[in-house]
Amino acid sequence: MSKMTLKTEGDTHIIVTRRFAAPPEAVYRAHTDPKLIQQWLLGPEGWTMPVCINEAKPGGKFRYEWTHSKGQGFHITGEYVELEPYRRIVHIERMHLPDPTPDNRVETRFDADGSGTLMTMRMTLPDTQTRATMLATGMEHGMEASYVRLEQMI
Amino acid sequence: MTLDAAFSALADPTRRAILARLAKGEATVNELAEPFEMTQPAISQHLKVLEDAGLIVRRVEGAKRPRRLAKAGIEAMDQWLAMLRKALEKNYDRLDEVLAAMEKPGVEEIGMKKRKKGEKR
């Protein structure tokens, strides 16, 4: 299994790629079926997703709510723009912390790669500042996880 | 600069946001204070912590003292990026397991079809 890549492109894009051993149909389903999403889209240790509402159709809405074992939480809301079954998803999302962050437009492609799938996720933020803040916010949750682990070690 | 100073400087969300703003380019104290609804002295205090930790530097331009990211500040941003990367990697490692569990019933179905009498593999 090849490693994930994450890089910035231009002023406003973030590109993530990852290969999976399963075919595009399965990877696409894992991105659109709430019961499957709840099992993996959890970020660092300690987070669960008690609410996962997902209308996987063009114009459909979704809402993911995360809570941490220590009590904090946040949620994401979004809308689907385009869905090409098993090939491509375009959606718009924002985090609520609790104020909404600027919209992030995300295009996710699922391309057959041998017997597996190459997933390419391309995020487009409104401006460089938003991208920098988004990266910093994501890292904040990563840091929380580090602190929790540190506390466990002490 | 010590690693501890950099780490505690980064432990505050306002200071992380200031670094995120400076990643865009140089800014004056007024420009930095604007989005945070904070007084200038409060922002200056955060800037001092970031400066002492070696994450930002100041330049003299007339009466202004614009700040920009120092090399260590850029490295700190890279470390944040590494943490986001780690959270995403964790997601996809979990997704690998979800996909492996999904595939099992599917494989059996295909296997049964293939096992029809006289059918070549």
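The dialogue below takes up the features one by one.

Q: What kind of model is this?

A: This is a predicted model.

Q: What elements does chain B have, and in what order do they run?

A: Chain B has 5 helices and 2 strands. Read from the N terminus, its elements run α-α-α-α-β-β-α.

Q: How may chain B be described as a whole, in terms of burial, contacts and surface?

A: Of the 121 residues in chain B, 38% are buried. For contacts in chain B between residues at least 6 apart in sequence, 48% join residues at least 24 apart. The accessible surface of this chain comes to about 7600 Å², and carbon and sulfur atoms account for 54% of that surface.

Q: How many residues does the largest nonpolar core have, and which have the most contacts inside it?

A: The largest nonpolar core has 38 residues. Those with the most contacts inside it are V16(A), Y64(A), W66(A), Y92(B), L95(B) and L99(B). Helix α5 of chain B, residues 71-114, gives the most to this core, namely 6 residues.

Q: Which residues does L95(B) touch, leaving out those up to four places away in sequence?

A: L95(B) touches F20(A), A30(A), H31(A) and W40(A). Another core, of 17 residues, lies apart from the largest one; I18(B), L22(B), A33(B) and A53(B) are among its residues.

Q: How is a pair of aromatic rings described?

A: One gives the distance of the centres and the angle of the planes. Over all chains, the structure holds 9 aromatic pairs. One of them is formed by F20(A) and Y92(B), with 5.7 Å centre to centre and 70 degrees between the planes, and is edge-to-face. This pair crosses between chains: F20(A) belongs to strand β2 of chain A, residues 13-20, and Y92(B) to helix α5 of chain B.

Q: Are F20(A) and Y92(B) buried or exposed?

A: Buried means under 20% relative accessible area. F20(A) has a relative accessibility of 3% and therefore counts as buried. Y92(B) is buried as well, because its relative accessible area is 3%.

Q: Why is the pair of Y64(A) and W66(A) edge-to-face?

A: Planes over 60 degrees apart count as edge-to-face. The ring planes of Y64(A) and W66(A) stand at 85 degrees, with the centres 6.1 Å apart, so the pair is edge-to-face. Both Y64(A) and W66(A) are buried. These two residues also belong to one aromatic cluster, which includes W47(A), F62(A), F74(A) and Y80(A).

Q: How many bridges join strand β1 of chain A to β2(A)?

A: There are 5 bridges between strand β1 of chain A, residues 5-9, and β2(A), and the two strands run antiparallel. E9(A) stands opposite H13(A), which is in β2(A). The hairpin of β1(A) and β2(A) has 3 residues between the strands, and G10(A) takes a positive phi near 55 degrees there.

Q: Where is the place of G73(B), and why does this residue count as buried?

A: G73(B) is in helix α5 of chain B. G73(B) counts as buried because its relative accessible area is 0%. Leaving aside neighbours within four places in sequence, G73(B) is in contact with G54(B) and L55(B).

Q: What separates the C-alpha atoms of G73(B) and L50(B)?

A: The C-alpha atoms of G73(B) and L50(B) are separated by 8.6 Å, while the two residues are 23 residues apart along the chain.

Notes
Residues numbered from 1 in each chain as written. Chains lettered and ligands numbered in written order. Predicted model: local features only at pLDDT ≥ 70, side-chain atom pairs only at ≥ 80, totals over all residues. Heavy atoms only, no water. Core = buried A, V, L, I, M, F, W, Y, C linked by side-chain atoms within 4.5 Å. Buried < 20%, exposed > 50% of the residue type's maximum accessible area, 1.4 Å probe, protein only. Helix = DSSP H or I, 4+ residues; strand = E, 2+ residues; numbered from the N terminus. Contact = heavy atoms within 4.5 Å. Phe/Tyr/Trp six-rings, centres within 6.5 Å; stacked < 30°, edge-to-face > 60°. Pairing = 2+ DSSP bridges. Areas by Shrake-Rupley, 256 points an atom, 1.4 Å probe, with all protein chains shown as cover.
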